[in-house]
Amino acid sequence: MKNANYFHRSSFWVGALAVLGFLLLALPNSDILAAPAKRNVSFDHVKTGFPLTGAHVTLPCETCHIQGTFKGTPKKCAACHTQGSRIQTTTFKPSNHIVTAQACEQCHTSTASWNVAFFSHAGVIAHQCGQCHNGSVAKGKPANHTPTTAPCDTCHRTTTWMSASFMHVSVTPGSCASCHVPGGSGMAKPNNHIPTTLSCDACHTTGGTFTTSRFTHSATQGMMTGQCSTCHNGSFTQWNALGKPSGHVATTASCDTCHTGFVTFAGVSGSTFNHAGVNPGTCATCHVQGGSGMAKPSNHIPTNLSCDACHTTGGTFTTSTFTHSATQGVIAGQCSTCHNGSYTQWNALGKPSGHVATTASCDTCHKGYSTFAGAGFNHTGVSPGTCATCHVQGGSGMAKPSNHIPTTLSCDACHNTSTFTTSTFTHSATQGVLPGQCANCHNGSYAQWNALGKPSGHVVTTASCDTCHKSYTTFTGATFSHTGVSPGTCSTCHYTGGPGLGKPTNHIPYESQLLAGSSMNCDSCHKSTTSFATQTMNHNNSLGNGSGWCKGCHASGTSYLGSMEKKTLTHQQTTGVTDCSQSGCHRPLGNRGTPYNSW
């Protein structure tokens with residue numbers, strides 16, 4: 001009984017366990033019951049050297065650990081993700097995978113998805129891109145790609161398809177529209193492009209970008225005279241085709257009527273407005289503040305005249321003609337309206353700091369309009385003797401030059417008020433002249449002021465000029481005082497070319513006729529120092545007849561100076577006569593008359 005009861009109890013539990021096992025096997029996913037047990041495991045998988053990331057986190061352990069074997073579980077991708085491997089998986093390298101012997105993890109860096117991959121083109125043979133980028137293995141050339149047989153790496157980089165640099169070498173000029181059209185492979189002409197039917201390369205280069213273009217306004221670029229507004233109408237300013245500004249001169253003329261340069265609308269190479277047809281005196285229609293023409297600057301010479309009163313329409317405002325005429329608004333005595341120092345940049349000079357102190361208008365003295373020089377100052381009202389108030393170094397009037405005749409007198413002692421070049425110097429005491437002081441001026445240093453010095457041939461003397469020269473108008477007619485002159489020294493001065501009167505050419509030949517060359521001086525005969533006309537003939541004891549010839553002076557036909565009596569040698573006898581003085585004739589050798597005094 002006891003065994004029977006035991007048997008019955010054992011059969012009950014065996015049956016119950018069998019039913020429980022059957023129920024468990026009947027469940028749709030036995031892993032659901034295994035999960036709680038798995039979560040209770042506190043094992044750090046990182047310690048194995050294989051961290052569970054991505055899709056590996058949700059896999060059951062036994063997917064990789066076959067039959068509970070942990071040791072020797074492979075860590076390389078290919079050990080599992082290869083057809084026929086020990087570990088079963090559903091993801092393998094597809095048949096159209098890029099041909100490579102590299103490990104999976106070389107490109108697939110994420111375990112979450114195979115789609116996250118980075119392919120390193122290092123080691124890829126240049127220009128072999130098409131082996132992979134054929135649309136089957138890797139992304140190929142799109143349908144709208146630029147027609148070309150060149151390898152991808154000719155234009156594209158290995159990091160992105162974008163930012164490709166297309167080499168236009170071998171592209172036929174003028175064929176840009178093959179690619180650069182809407183829907184084409186190249187950038188198309190935008191809707192707001194300057195209107196043109198020219199090819200892109202007429203303006204754009206192939207080496208840069210479309211933003212850098214060269215537009216020279218030439219006929220080859222479609223330019224036609226008078227058609228500027230096709231582009232310059234305000235619709236294409238983003239392409240630097242400027243329109244007419246709001247303050248432009250009111251005109252319907254084409255831009256190129258005035259603007260002849262293509263670099264800028266302004267400046268030398270810019271516009272020249274043709275003023276033909278503009279009515280004189282209407283300049284202010286444009287030339288005003290805020291107007292289309294250049295306005296009168298704030299520092300302009302004050303005037304309410306029209307611009308064309310001074311400025312011409314053919315040049316610039318910098319060249320003007322101001323004639324100071326009444327038609328230009330100039331009124332006598334109103335010079336300081338402009339000539340006050342405020343308008344020097346317009347050449348309206350003000351009164352300089354060293355100007356003569358005066359409140360008179362400029363035109364009181366300055367009569368010319370081309371220069372201030374040559375003004376005639378009216379000295380009326382200027383007190384005599386006050387010249388140095390202006391006429392000093394650094395003063396407003398002309399100063400005494402450094403080589404002026406030395407004097408402390410006022411200018412008007414000698415000069416008049418009209419010019420310095422004509423002066424009157426009377427050598428009077430009022431002009432500072434003192435007797436015996438002539439050499440202060442007449443020393444050769446002031447010859448340009450007509451204060452002559454002693455000439456090189458002057459009588460050697462240290463006496464003052466006024467000792468002999470008594471006239472102040474000329475040096476001629478001087479009376480020389482011979483006091484102190486040694487007798488017999490007349491020839492020191494009295495010779496031809498000397499400072500004293502020389503012997504005239506018809507003077508008696510005393511050197512040859514009186515004692516055959518005996519030396520005699522002027523004062524042997526001329527006893528007066530005031531005149532040569534008064535003299536006493538000195539025959540020097542000449543005896544005649546060879547010892548000094550009488551006939552040299554007393555023979556008829558001689559023309560020497562003097563009142564001597566002259567006769568022919570034959571006036572008494574016709575033969576045997578050789579000279580006046582001989583035996584039987586005139587003394588001293590003859591018997592007649594008194595020697596040297598009377599025949």
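**Reading a predicted chain**

Student: Does H217 count as buried or exposed, and at what relative accessibility?

Tutor: H217 counts as buried, because its relative accessibility is 18%, where buried means under 20% relative accessible area, exposed means over 50%, and partly exposed lies in between (1.4 Å probe, protein chains only). This is a predicted model, in which local features need pLDDT of at least 70 and side-chain atom pairs count only at pLDDT 80 or more, while totals for chains, interfaces and linings use all residues. Residues are numbered from 1 along each chain as its sequence is written, and side-chain values use heavy atoms, with hydrogens and water left out.

Student: Which peptide bond is cis?

Tutor: Most peptide bonds are trans. Here the bond joining R587 and P588 is cis, with omega about 20°, and P588 belongs to the segment after helix 6 (551–554).

Student: How many helices and strands does the protein chain have, and what is its radius of gyration?

Tutor: The protein chain has six helices and zero strands, which gives the pattern α-α-α-α-α-α along the sequence. Its radius of gyration, taken over C-alpha atoms, is 67 Å, well over the 25 Å that the globule rule gives for 599 residues, so the chain is more spread out than a compact globule; the rule is 2.2 Å times the number of residues to the power 0.38. Along the principal axes, the C-alpha atoms fill a box of roughly 240 × 70 × 60 Å, and 17% of the 599 residues count as buried.

Student: Among contacts between residues at least 6 apart in sequence, what share joins residues at least 24 apart?

Tutor: With contact meaning heavy atoms within 4.5 Å, the share is 41% in this protein chain.

Student: What does the side chain of H391 reach, and which residues does H391 touch?

Tutor: A polar contact is a pair of N or O atoms within 3.5 Å; within protein, one must be able to donate a hydrogen and the other to accept it, and residues adjacent in sequence count only if both atoms are side-chain atoms. H391, in the loop between helix 4 and helix 5, reaches the backbone oxygen of M398 with its side chain at 2.7 Å. Not counting residues up to four places away in sequence, H391 touches H379, G397, M398, A399, C411 and F420.

Student: Which backbone atoms does the side chain of Q431 reach?

Tutor: The side chain of Q431 reaches the backbone oxygen of A413 at 2.9 Å and the backbone nitrogen of H427 at 3.2 Å. Q431 is placed in the loop between helix 4 and helix 5 and counts as buried, at 7% relative accessibility. Leaving aside neighbours within four places in sequence, Q431 is in contact with L409, A413, C414, T424, F425 and T426.

How values were computed: Helices (H or I, at least four residues) and strands (E, at least two) are DSSP runs, numbered from the N terminus.
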